[in-house]
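Hi,

Here is the structure I promised to pass on. Have a look at it first, and then read my notes below with the model open beside you.

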Amino acid sequence: DSVRSEVSTSSSKAAGSSEVRQKSMSSSRTPSRSKENPDDKVSKKRSRKDDVNSETNSSPEPKRAHVASKDKTGTPVSEQEEEASRKGSDVTSSPEGLSKVKDPMSIEMPKSLKAVLIDDYDYVVRQKMLVDIASPKYVTVADIIEDFVSQTSDESAQQVAYGVKDLFDVVLGSNLLYKFERPQYDQIIKEDSHKHMSTVYGAEHFLRFFLKINEFMEESKLSKNYVSTIVPHLRSMVFYLKDNVDKYFDPKRRYVASAADYLRKSIADYDQ
């Protein structure tokens, strides 16, 4: 019995010491497990910060790329052109190649007609030639107006066309001539001061008129409502000239060399 009690006592002591050693070992291991790599701490901080940012400043879903529409001919149309089309305004390309919405209250000159104007300047100013207004085959502004009116049944367009002819008669002498043409014009006025210039001058000067039409409308201080009414008809007239460029703008029969007397007179009287 005494042996048994001693064994029991020693075993309980051994168990107690074992528990103490285990507790000691576990406590000694605990600090080593609690230590973390500094990089892990930074990584965790960043991940927590990213989680907060993603929750508070969540960005919208990426926009889908705009798929360009196409016109009736299958040509791609830009977003600006599409928007301008819905608003009823025109679009042109800027020098940088970007689409640009035009002023819906203005008249733009097509490139083919701009080329005609450049040639016209070269013939008159540089080469000292004159428009052959005396030719029986010469087509005058009045003739062009009648041609335009005859091909449309729109009464408003016809009224605007006749109004354009009246305005052309008024502004030609002061706005549509180069200095070299002044002696020719003065001679016409001297022969008949009441002559309508639309029955004398033709397509070349008519084109110069449309080049300055925006300026004329601005100076006349027309109401916006009235301008918005006539602008579509004015554009129709410009594109009518564009479509008939070969009919009205033939340089071989439009310009003639000026006589020596005319050259001397233009230099002496008009400071050329």
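K221 sits in the loop between α9 and α10; helices (H or I, at least four residues) and strands (E, at least two) are DSSP runs, numbered from the N terminus. Its phi is near 55°, a positive value in a residue other than glycine. K221 counts as exposed because its relative accessible area is 73%, and here exposed means over 50%, buried under 20% and partly exposed in between (1.4 Å probe, protein chains only). K128 also has a positive phi, of about 55°, although it is not a glycine. You'll find K128 in the loop between α4 and β5, and with a relative accessible area of 27% it is partly exposed.

Before you go further: this is a predicted model, so local features need pLDDT of at least 70 and side-chain atom pairs count only at pLDDT 80 or more, while totals for chains, interfaces and linings use all residues. Residues are numbered from 1 along each chain as its sequence is written, and side-chain values use heavy atoms, with hydrogens and water left out.

Now the overall picture. The protein has 272 residues, and 31% of them count as buried. Its secondary structure comes to 13 helices and six strands. A contact means heavy atoms within 4.5 Å. Of the contacts with a separation of 6 or more, 71% are between residues 24 or more positions apart.

What about the core? A nonpolar core is a set of buried Ala, Val, Leu, Ile, Met, Phe, Trp, Tyr and Cys residues joined through side-chain atoms within 4.5 Å. The largest one here has 51 residues, and F168, Y201, F206, F209, F210 and L234 have the most contacts inside it. At least two residues each come from α4 (111-126), β5 (129-131), α5 (141-150), α6 (155-175), α7, α8, α9 (213-219) and α10 (224-243). The largest share, eight residues, comes from α10. As a bit of background, nonpolar side chains tend to be buried together in soluble globular proteins.

- Q184 is in helix α7 (residues 182-191), and it counts as buried because its relative accessibility is 12%. A polar atom of the Q184 side chain lies 3.4 Å from the backbone oxygen of V131. Not counting residues up to four places away in sequence, Q184 touches L130, V131, I133, Y201 and Y262. Q184 and Y262 are 78 residues apart along the chain, yet their C-alpha atoms are separated by 8.5 Å.
- T140 lies in the loop between β5 and α5, and at 8% relative accessibility T140 counts as buried. Its side chain makes a polar contact with the side chain of D143 (3.1 Å). With residues up to four places away left out, T140 touches S198, T199, V200, Y201 and G202.

On a 1 Å grid over the protein atoms alone, a cavity is a set of points where a 1.4 Å probe fits but cannot get out, and a pocket is an open set with protein on both sides within 12 Å along at least five of seven lines; lining residues have an atom within 4 Å of a point. Grid points are joined across faces, edges and corners, and a volume is the space filled by probe spheres set on the points.

How many cavities of 30 Å³ or more are there? The count comes to one, and about 40 Å³ of space lies in the largest cavity. Its lining is Y138, V139, A203, E204, Y248, R253 and R254, with α8 (203-211) and α12 (251-254) each supplying at least two residues.

The second largest pocket has a volume of about 220 Å³. It is lined by 14 residues, and L167, I213, M217, L222 and I230 lie nearest its centre. α6 gives the most to this lining, with six residues.

Enjoy exploring!

Technical notes: Polar contact = N/O pair within 3.5 Å; in protein donor to acceptor, adjacent residues only side chain to side chain.
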